[in-house]
Every structure is written in structure tokens, then in C-alpha cells.
Amino acid sequence: MKKSLRWRKRLLIRGGIRLATVTAAAVFALSAAGGRAWAEEGGATGSVVAIVIDDFGNRMKGTDEMLRLPIPITAAVMPFLPTSRADAEAAHAKGREVIVHLPMEPVRGKASWLGPRAILTSLSDEEIRLRTEAAIADVPHAVGMNNHMGSRATADERVMRIVLQVCKERGLFFLDSRTSHKSVVPRIAQELGVPLLQNDLFLDDVYTDRHVAGQVALLKERVRKHERTVVIGHVGPPGLITSGQLASSIPALRAETKFVRLSELLPPQTPYSVPVPPVERGDKSTSR
């Protein structure tokens, strides 16, 4: 977990600290139609998987590789960064779904690691609302929102009531990244009638090839037992590792499951909250 914290500290300062080699053959070329022509037949188990890639917005490692993957990934774009708008526009142009990756206060670590205008528990109600609204305005084409870090903020009822109320007003769903087992998001979202999804598996909370390969193996096991799975990966330090592991695993995964947009997991009716088991990750401690 110390490694994960060091990653977050450097996230907005440098574009990554680890190099990985991804062969051209590992990254699948998309069609000339801008990436909208991916074919999904559905796996033998009838399950579906939505893959969310966090931390777009600073042109970090893996940005282009993730957008070239021949599956309908959802790009979670951090606001107020040098390429927030450009990355959101690029993802949208390739037919990818875009959500706001809202920086929120963690239990451990410095708030300054989060970058500009993060949601902190020390802020007034008015400032939380203003920052949430500004974040949405800074990420074009966003249809939803998830938390960047936020183990402290997502456990704070006052904070999340304001954030989720803004989501409701703007017609956005919320994806709880589940960086805290104390998250109040499911309860507040249900009370307010905000469409809710929840993360099931972090691919790269530890950014090594071995760990990401192990998490992909967990995903393969999970799709045989569960009808729906939400998976989160990242650009940045693990971006080339994660994109490479995903690219090489897509053919086998397609035999087992169907890749879908995150919003396709939402039911027709708006109020949505389903209890789910703990998120599967290498280190289950709360810090992000």
C-alpha cells in the first residue's frame, strides 16, 4: 500500500514512474469508424463486464493505449488538469463513455496529492456544491461520476449528500469506486434516487505486471460466477502494464463475457442500489 500512496503523490506531478513495454501486436487496432465498431457477441456464461479507466486528464502513460483497446471502456476524467477537456473529447470522439473522476479526500495522505479543487470534508456546503458543479462543467460529455481516492469523503454523509444531490440535478449516475468499506454512498444514493453502480475489482492498485495479471485472472473467475462486473484500471504509472494485460486478455475474456458501457449496467428505473460483496483487490486496507 505504500507503493500505491507513492503513486498518488506523484500522480499529478509526473506522468508516471514505471515503464512497461507493450508490443504493437498486443494493442488491437480499432476500425476507421472512430472506435464505435467493436463487436461483442457475449460470452458463454451470459455475463457482462464494464471496464472503467481512471485518471485521464494529464496525458499520462497508457492514455492512447487505453483508448485504442477494442472494447467499450469508460474514461473517468479528472477535472481541472491540463488535458481534462482534450482527453474527454478524445474519448468521446472514439465512442467511449465519459464520466467525471471527482478528486475526494482520502483517510491517509495529503489533500494536496489530489490536485486542484478537490472535495474535502473541511469545506462548507456551498463550496462542496460549487466544486462539484465546476468539475462537471470541466469534463465535456460526462454521463456519470466516480470518486478519485475519497476514502474519507465517501464515508461522510454531509459531503456525499451534497455531491449526490448535484449528480441528481445534472442527471448523472454515480459509480462508487469503493475505496472505503465505510462508504455511505449506497444509502444516500438510494434516498435521493441517484442511479448507482459500484466497483467490484481494482486491476492495478499495485502496479506490477504480476499483480495486474493476477487481477485479470480474478476477473476471469468472477465472470463465471456473476452476471455483472465493474472493473477499474488506471492510466499513469500502471497505464502501459494494465493496457497491455487487457489487450492480451481480451480474446479469452470475450469467450466468457460481453464488454459493455458502464451505463448499460443501469436499470431502466432511476433509483438503484444493490448491496455487493467487498471489492476484490490486492491490499484491502483503506487509504485512497
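This dialogue walks through a few features of a predicted model.

Q: Which helices and strands does the protein have, by count, and how much of the protein is buried?
A: The protein has eight helices and nine strands. Of its 288 residues, 57% count as buried.

Q: How much of the contacts in the protein is between residues 24 or more positions apart?
A: Among contacts with a separation of 6 or more, residues 24 or more positions apart account for 79%.

Q: What lies around Ser47?
A: Beyond residues up to four places away in sequence, Ser47 touches Val223, His226, Glu227, Glu256, Thr257 and Lys258. With Val223 there is also a polar approach: a polar atom of the Ser47 side chain lies 3.2 Å from the backbone oxygen of Val223.

Q: Where is Asn147, and is Asn147 buried or exposed?
A: The same cut-off of under 20% applies. Asn147 is in strand β4, residues 142–149. Its relative accessible area is 1%, so Asn147 is buried.

Q: Which backbone atoms does the side chain of Asn147 reach?
A: One is the backbone oxygen of Met149, 2.8 Å from a polar atom of the Asn147 side chain. Another is the backbone nitrogen of Ser177, at 2.9 Å.

Q: What does Leu219 show about distance in sequence and in space?
A: Two separations can be given for a pair of residues. Leu219 and Val231 are 12 residues apart in sequence, and their C-alpha atoms are 8.2 Å apart in space. Leu219 is in helix α7, residues 209–223. With a relative accessible area of 0%, Leu219 is buried. Val231 is among its contacts outside the four-place range, together with Val49, Leu201, Thr229 and Leu253.

Q: How do I read the packing of two helices, and at what angle do α4 and α5 pack?
A: Look at the axes, the angle and the residues that meet. Helix α4 (residues 125–138) and α5 have axes 9 Å apart and pack at an angle of about 40°. The two helices are therefore oblique to each other. Their crossing is right-handed.

Q: Which residues meet between α4 and α5?
A: From α4 come Asp125, Ile128, Arg129, Thr132, Glu133 and Ile136. They meet residues of α5 including Arg158, Val159, Ile162, Val163 and Arg170. By type, the residues of the contact of α4 with α5 are six nonpolar, two polar and six charged.

Q: At what angle do the axes of α5 and α6 cross?
A: The axes of α5 (residues 157–170) and α6 (residues 185–192) come within 10 Å and cross at roughly 45°. That makes α5 oblique to α6. The crossing of α5 and α6 is right-handed.

Q: Which residues of α5 and α6 meet?
A: On the α5 side they are Glu157, Met160, Arg161, Leu164, Gln165 and Lys168. On the α6 side they are Val185, Arg187, Ile188, Ala189, Glu191 and Leu192. The residues of this contact of α5 with α6 divide into six nonpolar, one polar and five charged.

Methods:
Residues are numbered from 1 along each chain as its sequence is written. This is a predicted model: local features need pLDDT of at least 70, side-chain atom pairs count only at pLDDT 80 or more; totals for chains, interfaces and linings use all residues. Side-chain values use heavy atoms; hydrogens and water are left out. A polar contact is a pair of N or O atoms within 3.5 Å; within protein, one must be able to donate a hydrogen and the other to accept it, and residues adjacent in sequence count only if both atoms are side-chain atoms. Contact means heavy atoms within 4.5 Å. Axes are lines fitted to C-alpha atoms, for helices over the stretch in contact, and angles run from 0 to 180 degrees between N-to-C directions. Helices (H or I, at least four residues) and strands (E, at least two) are DSSP runs, numbered from the N terminus. Angles under 35 degrees count as roughly parallel, over 145 as roughly antiparallel, 65 to 115 as roughly perpendicular and the rest as oblique. A crossing is left-handed if the near helix is turned anticlockwise from the far one by less than a right angle, and right-handed if clockwise. Ala, Val, Leu, Ile, Met, Phe, Trp, Tyr, Cys and Pro count as nonpolar, Asp, Glu, Lys and Arg as charged, and the others, Gly among them, as polar. Buried means under 20% relative accessible area, exposed over 50%, partly exposed in between (1.4 Å probe, protein chains only).
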